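Please look over the sequence and the model shown here before reading the notes on it.

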Amino acid sequence: MSIGTERYDRNFDTLTRPQQAQLASSRVAVLGLGGLGGGVSEMLARTGVGHLTLIDGDVFEPSNLNRQLFCTEEVLGISKALAAEKRIRAVNSQVQVTSIDQYADGDNLYGMIKHADLVVDCLDSIPARFMLEHAAKKAQIPLVAGAIAGVTGQVTVIFPEDKGYELIYGKKEHLPAKGIESRTGNISYCALMVAALQASECIKVLLDRGDILRNKLLIMELWSNSFEVMDLV
Amino acid sequence: MAKIHITLKLFATLAPYLPENADHFQITDGTTVQALITDLQLPSDAVKLIFVNGRKQETTYVLKPGDRLGLFPPVGGG
């Protein structure tokens with residue numbers, strides 16, 4: 001079946017035609033392709049972000065099956081980045097996808113993200129999040145951050161001149177590697193819900209539209225249906 | 001010392017420590033967030049974020065009548 005111009009029909013008029021075109025020329029880098037990154041990447045591709053750089057050095061393993069959108073039984077043992085690229089191409093062949101099957105570190109991270117308009121933090125370690133924030137500030141691009149534990153999640157947006165993660169996690173010299181997720185695990189619907197909130201913030205930042213969670217932290221907890229937006233400054 | 005009341009909310013792994021009457025929780029006037037964390041016997045590294053009336057605060061904050069206090073653990077998973 002020919003897709004033609006119908007692909008984005010249902011985006012209108014929530015998005016305008018010029019905004020759709022703007023998304024097509026936008027570049028987003030996603031760090032971490034697990035519970036958050038899989039959802040974020042797929043939602044951005046379906047919405048019409050034209051250039052995605054998908055970065056993760058890990059391979060899929062059975063414990064990922066409970067929540068990671070790109071993890072199927074067929075791709076166990078396969079690179080998350082390569083599986084993500086294949087999935088995104090299957091969903092939207094108009095997206096220019098670059099997959100990077102490497103772990104990010106202090107040396108290579110800036111080079112991976114410097115051409116992006118925006119970077120999305122879907123990582124699973126607190127020190128790595130600070131490393132990414134540092135690289136995003138160096139590249140002078142905003143960072144959309146999500147983090148999850150069990151059925152709890154949080155989302156914020158950090159611009160280059162903002163204090164950022166220090167407001168949430170404290171000084172980076174005193175960081176634990178993990179938060180409470182090492183005890184709670186991560187549940188699929190919470191991961192995808194936070195991923196959806198991150199995708200929403202990405203679109204808002206790219207289009208400079210709506211209320212952006214800058215210097216604010218959205219906190220949610222699903223047992224109690226708590227959703228609160230807190231002021232960080 | 002006079003008694004005041006606050007609303008207390010403990011998120012995620014802190015929830016099991018929630019006392020009775022958390023919606024109308026009585027404390028002594030002048031109590032700091034740190035003193036309350038100690039009174040509730042929360043593990044010392046369990047609280048990462050403190051919000052009072054929707055705004056981030058420090059452990060030294062002195063609680064006032066009617067304050068809505070939320071305590072949040074460190075969350076870093078992806």
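## Basis of the report

This is a predicted model, in which local features need pLDDT of at least 70 and side-chain atom pairs count only at pLDDT 80 or more, while totals for chains, interfaces and linings use all residues. Residues are numbered from 1 along each chain as its sequence is written, chains are lettered from A and ligands numbered from 1 in the order in which they are written, and side-chain values use heavy atoms, with hydrogens and water left out.

## Aromatic pairs

Rings of Phe, Tyr and Trp (its six-membered ring) pair if their centres lie within 6.5 Å, and planes under 30 degrees apart count as stacked, over 60 as edge-to-face and the rest as tilted. By this rule there are four aromatic pairs over all chains. In one of them, the ring centres of F130(A) and Y165(A) are 5.7 Å apart and the planes stand at 45 degrees, so this pair is tilted. Because F130(A) belongs to helix α5 (residues 126-139) of chain A and Y165(A) to helix α6 (residues 165-169) of chain A, the pair ties together parts that are 35 residues apart in sequence. Helices (H or I, at least four residues) and strands (E, at least two) are DSSP runs, numbered from the N terminus.

Buried means under 20% relative accessible area, exposed over 50%, and partly exposed in between (1.4 Å probe, protein chains only). F130(A) counts as buried at 9% relative accessibility, and Y165(A) counts as buried at 2%. In chain B, the rings of F11(B) and F72(B) have centres 5.2 Å apart and planes at 70 degrees, so they form an edge-to-face pair. F11(B) is buried at 2% relative accessibility, and F72(B) is buried with a relative accessible area of 0%.

## Charges over rings

A charge sits over a ring if NZ of Lys or CZ of Arg is within 6 Å of the ring centre and within 35 degrees of the ring normal. The charged end of R17(A) sits over the ring of F12(A), 3.7 Å from its centre, and K138(A) lies over the face of Y110(A), 4.3 Å from the ring centre.

## A buried strand

Seven of the seven residues of strand β5 (residues 143-149) of chain A are buried, so this strand is largely enclosed by the rest of the structure. From β5(A), L143(A), A145(A), A147(A) and A149(A) point one way, whereas V144(A), G146(A) and I148(A) point the other way.
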